[in-house]
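Please keep the viewer open as you read.

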Amino acid sequence: MREEIREAVTVLANRYVMKWKSGGGRIVGYPCSYMPVEVIAAAGMLPFRLRAMEVVSTSIGSSYYGPVVCSFPKCILQIAGERKYAFLDGAVVCNGCDTMRRLDDCWRKANDDMPGILPSYFAHFAVPHKVTDYSVKWFAGEIRKLIDSLEKHFSVTVSDDKLKMAIAEYNRSRTLLGDLDAMRSGPDAFLSGTDAMAIFIAGTAMPAADFNALLEDVLGGLKKKKDALPGRRLLLVGSVIDDIDLFKTIEEAGAVIVADTVCFGSKDRTDLVREDGDPVAALAERYLGSVKCPRMFGDYKRRFAFLKELAEKTGAEGVILQNIRFCDLHGSENGIFERDLEAAGIPCLRMEREYGPLGDEGRVRMRIDALLERIGAGGGGSRRALSADRSR
Amino acid sequence: MRNELTEYNYDWRFWSILDNASKLFDATEKEFTSTMAYTPSFRATTGKLSTTGKAGHRLVKATARYFENILTARSRGKKIGLITYNFSPAVLFAFDVVPYCLEGMSAFYAAAWNRGIYESLDYCCEVGFTETSCSGQRVALGPVLAGLAERPDFIVCSTPGVCDSNANAFAFASAYLDVPFCQLNYPPTLTDERAVEYHRADFRNMLSFLEEQTGKKVDVDKMREVCEEIIKQDEIICEIQDYQRLVPCPVPGIFNLFIYDIKVLFSGIKDGTDILEAMLEIVKDNAERGVAGDGVERLRGFFYYIDHYCIQMKYWRWLEKNGISHIGTMMTDFWQANAPYARGREEEGYRMDLSSLDSMIDSLAAQSSRMPMVKQIRGPYDAPHMWLDDTVGVANLMKADFLAFMGTMGCRNTWSMVKLITRDMEKLGYPALILYADSFDNRIEPVDTFLGKIDEFLRVRDIRGWKGAVWK
Amino acid sequence: MIVAGCDIGSLTAKAVIFKDGEMISSHLMKVRSRPDEAAVEVMNEALSKVNLALKDVAYSVGTGYGRKRIPFADETFSEIVCHGKGAHWVLPSVRTVIDVGGQDAKAIRLDAGGSVVKYEYNDKCASGTGRFLEIMADALEIELEEMGDLSLQSDAPVRISSQCVVFAETEVISLVNGGKEIRDVVSGLHKAMAGRIASLVRGIGMLEKEVMMAGGVAKNKGIRSAMEEVLGVELAEVKCDPQLNGAIGAALLAGEAAGKK
C-alpha cells in the first residue's frame, strides 16, 4: 500500500488536507453517503467525510450522547471535542440515521461547554426515507437550501456550471473506482479487499482531482499484475467500516473480500450522476435513488436483489453480515439477509462490533475462522458458491 | 417459546381477558371481588381500571371490541392494517380497514400479563431482529412473526424521519412476512411551505396505497363521518387538558393513558367519544369538588417522553398512591390548534376543515404530522416546534414540580439527545431525572428500582419537601 | 451515644460505629449470597472491636443496594445522600464526589453545607464500575488489588476501544494473547474506565474542587491517576478509607436522627 494512501486512511489531518489548508482552501465535513459532495466541491471547498479512527476514549462523546447508541457518531463527537477537527471550516450533519442526525444537536451543545469545537459553518441537511416524485423534488429543494447557505456563509457562488464540473470530476472518480472494484471482484482477483478498501476510504479524504490522478496511477500499476489471490471469496455487508485492519484480519484468516456493501466502500461509489439537464435535480435523483442503505424503509427486496446479484457476479462463497452494536437498521436487515442468503445456499456469518480501531481482533478472527471452516467443509450442506463457472 | 404460550394466539387470549373483564364491570361488587381472586395475573390491572368508573369500563369494553374486530376481520371480509401508535387510525376506519396497532397491543400485553411478554420480546431476536431494538414493537411483534396473532394484510408506518427504531420494526415485519408496506415520511420541519406540501403529497400517496390494498376509492361520506367524530373527541380532550392545569389536578393520572389510547385506537369512531364523555364527567365532578383526580396532590410530575406499562401498571398505581399528579407526557399532546398548550402557538396545531374532500384530506395530513413524537422528535431537539419547545411549554402550563424521562433501550433518537434537553430543563429550574427503565421490558430495570430512583430524586432534591414514598 | 451506619453494596458490606460524633470502629467484608446475613455479620464485627453489641446502638441507618434488607436498620437512605454526608464530614471543602462502587458509579455535586445540589448515576452498563475491573482482573488472571500498582508501572498503555464489558473482555484476552504486557493492558483499562466516569462527572456540570473519590475503586491508584489525567484536577487525599464513605454518611444521619429523638 502506498504511503499517501495509508496516511489518508489512518490520519485525519493527512498531507492532502494540510496542503489544501495551506493553500487557503476551506474544508467542509459530512458524515454520510447521502451527502451530495459535488455541492461542497462546486463551492470551491474540499468535502471531507467525517471519521474517527484516531479515537482513544469516548469520555466526551458519552457526555452528550446516551448509553445505548451507535459508537460511530459518538466517536466523531469525541474527535471534535478533542479539537482534532480544527481543520474544518464547516460541517453538514445529515439524518442518515437517528444517532447520526443527533450529531447536530450534540456537537452544538458540546460547543457550549468547549467553545470553538464547532466549525464556523454548521448545517443540518435532511434526506427523505423514500423515493417518489415528490420526495425527490423535496430533496432537490433541500440541496438548493444547502447551496444557498454555503453561498451566504462563505460568500461564494455555486453556479450550475460549477456544479456540472464537480459532477464530471466525481463521475470520473466513480468510473475509475468501478475499474478498481472489478480488479478485486473478478474471477482472477489480484487486488486484496484491504488494498481496495484503503483506496475507497482515501478518496473521501482528499480533493477529487488529486484522487483521480492517484487512482489513474494506481490502476496503471495494477494492470501489470496477474496472479490471482488465494483464499475464500467473501462479501462484507452492513454498518459503516473505515478500519482497514478489520479487512486485513479477515483476509489474513484465508479469505479475499471480493466485494462489500459498507459505507466508505464500493456500494454507492460507482453509480454515476446524470450529466445533462438541471444538475441539482440530477444530484437529488442519484443520491436518493442510488445509495443503498436500510434507512430507506420498506425497500428490502431491492437491496436483497442487489446483494444476491453481487454474490452471484463475484462468485462469493460466504457473506459476513456485520453491524455496529445498536445499529438496528443494519443489524435487523442482516437478520433477514441471513435467512434469505442461507436459503439460497450461501453461508453467512452475523457479527456485532463496535466502531473504532480494531481492538477485539481475537473475537473477530475466531468467527471468521468458523465461517471459513464451514465453507471449507462444503458450507454445512449448502452450495459452495453461487456462480457455476467458478471452481476452486 | 414455551409450548404453553403457543396453544392460543396472543391476540385471542388477550381479547378473552378483556371480554371477560368487561363483563365483570356489570357484576355486583361481591361477584367482582370473588372473580378477581381467580385472576392473579391481571388482577391489579383490572382492579386499577375498575376504579376509574364508567370511563374505565367503557375503555375496556371498547378495547375488547377492538380486538374482536381484528379476530373476526377475515370472516367479515375485511382487511387488517398493521399500524404504529404514531399514526391516527381514523383514515383506516374511513376505508373500513381494521387497524392493528402494534404498540397499543404491546402496552396491553405488558400491563395485563406478566407471563409471556419476555418470550415474545425474545422471539423477535430469534428470527433475526436485533436485541437492541425497541421493545415497544417487539412485545406484540413477536406473536405476529410467530404466526401467533392475526396476520396483517398490509403495513402502514408513519415514523420514517421521526424514529428509526420504530420504522425499522415495521420495515422488518414487512420484509419478514412479505406484506405490502407503506410509509409516511416526515421532513425535519413542521410548518414551512415545503414541509406542508410534503405532508399533503405524502398523505395522498398513502391514500393511493390504501385504495390499491382495499380495492376501494376514498368515500367522502365516511371520511366526513370520521372527521366529525375527531372534532368531537378533540374538543373533549382539550377541555380535559384545560382542567389538568388546576391545582390540585382533577384529572386521574390514568386518564393520560386513556387519552392516547383513544387517539391511537379509537380516533374518529364513537367508541372513543363515549369514553371521553365519561372521563369529562368525572373530571368536572372532581374539579367542582376541588379534589385531585387521585385523591390528594402532593406533587405534579411531567413525564417528558413516555410512560411505563409493565407489571400490572405498577408505575401508575404508585403515582396515584403517592399523590403525584401525572400532568402529561409527550404522548398526550396531539396538537389540536385549540389545545391549551397550543395557545399562542396555534400555527403549530391542526384544524379539521370539512368543507371539501381535499380539505378533509389536508386536515388529516396535518393531524398525522402532529402525532406525538412525529411532531417533536423529527428535527433538532431545540429547533422551533420541537421537543424542547413543547417540554418547556407543557411544564410551565401544567405547573410541573419535576420532570422524569423514561423510554425504551431501543430508542436511539431520544437517547441521543435526552442528556441535552434534561440539562436545558434543569437550567430553566425544572428538576429533571433520566431513568434507565424500559417501558415495556421490566428486565432492563425492575419497576421497583426505577420508582425508587424517582423517590430518591424527589427526596435528595427536596422537591416540595418530599419526605419519601409510600410503598405498601 | 452510640449510632451506626451500615452500607450493603453489591460486592462489599461496610459498617461504621460512631460515639458522640467520633468514629470509633468500622468493618468491611465481602458480601456473600445473603445481604441480610452480611449486614448482621459486618455490624457485629464492627461492634465487637469496641466491645459493644447491637443492643447498645441507639440508632442505625442503612444504605447501599441491600439497604432494604438490613434487619436492624431504623431507617434507610439512598447512597447519594449518604455519600454526600460522608464526604462533607471527611473533608468539608469537598464539592464533587465521585463514588465508584461495585455495581454503579455516581457523581455528586455538593454545596458548602454538604447538601446535594445535583447528582448523576452511570448509564445502565457495567463499564464504569468496580464489577468491570473485577471481570477484567479475572480475564487477566490477576488479583483485583494488584491492578493499581501494575498499571503505574506501565509506560505504554494500550488503547482499549470497546465500551462494552463483554467486548472489552474479549479484547483484553486478544491483547494478552497478542503479546501485550499485562501492565500496559491494565493501564489501558484504567484509562478507558476513567473516560467513562469522566463523562458522568461532566453530566453534573462544572467540575468544582475539591474533588474526592469514594468507593472501593478509589483505592486503585491506577484509576486515581487516570481520573486525574482525564479530568485535569488533583483528587483530594482523605484520611479515611474511601470505601467506608457511604457507611460514614449513614452513621452521621443516624446521629442526626438520634439527636432528634
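Predicted model: local features only at pLDDT ≥ 70, side-chain atom pairs only at ≥ 80, totals over all residues.

Buried means under 20% relative accessible area, exposed over 50% and partly exposed in between, with a 1.4 Å probe and protein chains only. By that rule Cys82(C) counts as buried, because its relative accessibility is 0%.

Residues are numbered from 1 along each chain as its sequence is written, chains are lettered from A and ligands numbered from 1 in the order in which they are written, and side-chain values use heavy atoms, with hydrogens and water left out.

**Cysteines**

How many disulfides (pairs of cysteine sulfur atoms within 2.5 Å) does the structure hold over all chains? There are 0. Cys82(C) takes part in none, and the nearest cysteine sulfur, in Cys6(C), is 11 Å away. In chain A, the sulfur of Cys293(A) is too far for a bond because the closest cysteine sulfur, that of Cys263(A), is 6.0 Å away. Cys293(A) is also buried, at 13% relative accessibility.

**Cavities**

A cavity is a set of points, on a 1 Å grid over the protein atoms alone, where a 1.4 Å probe fits but cannot get out; lining residues have an atom within 4 Å of a point. Grid points are joined across faces, edges and corners, and a volume is the space filled by probe spheres set on the points. The structure holds 15 cavities of 30 Å³ or more. In the table, Ala, Val, Leu, Ile, Met, Phe, Trp, Tyr, Cys and Pro count as nonpolar, Asp, Glu, Lys and Arg as charged, and the others, Gly among them, as polar.

| Cavity | Volume | Lining residues by class |
|---|---|---|
| Largest cavity | about 400 Å³ | 16 nonpolar, 6 polar, 6 charged |
| Second largest cavity | about 310 Å³ | 11 nonpolar, 4 polar, 5 charged |

The largest cavity has 28 lining residues, and those nearest its centre include Cys97(A), Cys327(A) and His330(A). For the second largest cavity, 20 residues form the lining, with Tyr30(A), Tyr170(A) and Arg269(A) among the closest to its centre.

**Confidence**

Chain A averages a pLDDT (the predictor's confidence in each residue, from 0 to 100) of 92, and 95% of the residues score at least 70.

Technical notes: Disulfide = S-S within 2.5 Å. 1 Å grid on protein atoms, 1.4 Å probe; cavity = no way out; pocket = protein on both sides within 12 Å on 5 of 7 lines; lining within 4 Å.
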